[in-house]
Amino acid sequence: MVDYSKWDKLAMEVDEEEDDANRAPKVTKLEGKTEVRVGKGGELEFKKVETAAAAKGSGLDYSKWDKIEVSDSESEEEEEEGPEETAPPPVAAATSSVVTLLEPTSLDENGASREQYYWSQTPSDVTVHFKVPPATRGKDVTITLDTQTLSVSISNTPLNPALTTTCYPIDVAPTADPTDIDWEILTHNSERLVRVTFKKKSPSTVTPWWDRIYPTEDRIPPSAIKGRSTAKAAESKRVWDEAHKQFREKIKQMKKHPVG
């Protein structure tokens, strides 16, 4: 005899699964404007409604978004590339400075004022201010300076051929660039001047005071030199004279020897 009771349990399980499926909610995602109707048999019907703008095709003007897209693109490029570096301003070519001297006495202190130049001195340095045409610029100036030569030319023309060889030796330090000279263009009392400064060449134990620059000019008196010590100069002269006196006496005492 066949026992069908086991099928009763199976039928109950199938019915419970169908009831659970019928009770589970059904979710339908609606896109845009949609009409929902209940059809025959209780089924829901969905119908998408077209708006007037959509019916015309392209009623919206999206051109305004083009500008925003471009701006966004440019911003992204700037973020990737980083801020643009600002180029430094061009550097002006080096030229001689133009200033106004406030101390007129500095032009000829311990020196003299001449027709074409002024000159002054300290115990170690000599400064010469050459008078040049008012429109003179740095590129027009050529200076020659060596151990006993000092001359200035404007546009390859010497100011004065006689202003070339100095009366005393000049201490010119050797440099890699022979044009490395201490000079500048300046203005004083409406005069255009070229200043040149150099060092005197002399023993370290002696203070050499120049009495002129070029052979063509007059000598300045020792009293015109403010830094010169009169007492020291007198003592130096006494020592020099004494040494010459001893030298002459020694020569007189020397015996003459016949030659041949």
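Here is a short chat about a few local features of this predicted model.

Analyst: Local features here need pLDDT of at least 70, side-chain atom pairs count only at pLDDT 80 or more, and totals for chains, interfaces and linings use all residues. Residues are numbered from 1 along each chain as its sequence is written, and side-chain values use heavy atoms, with hydrogens and water left out.

User: Why is Phe-46 called partly exposed?

Analyst: Buried means under 20% relative accessible area, exposed means over 50%, and partly exposed is in between (1.4 Å probe, protein chains only). Phe-46 has 40% relative accessibility, so it counts as partly exposed.

User: What makes Asn-110 buried or exposed?

Analyst: Its relative accessible area is 8%, so Asn-110 is buried. Asn-110 sits in the loop between α3 (63-81) and β3 (112-113); helices (H or I, at least four residues) and strands (E, at least two) are DSSP runs, numbered from the N terminus.

User: And why does Asn-189 get its label, buried or exposed?

Analyst: With 62% relative accessibility, Asn-189 counts as exposed. Its place is the loop between β10 (183-188) and β11 (191-200).

User: How do you know which residues in the lining of the largest cavity are nonpolar, polar or charged?

Analyst: Ala, Val, Leu, Ile, Met, Phe, Trp, Tyr, Cys and Pro count as nonpolar, Asp, Glu, Lys and Arg as charged, and the others, Gly among them, as polar. By that rule, the lining has five nonpolar, two polar and no charged residues.
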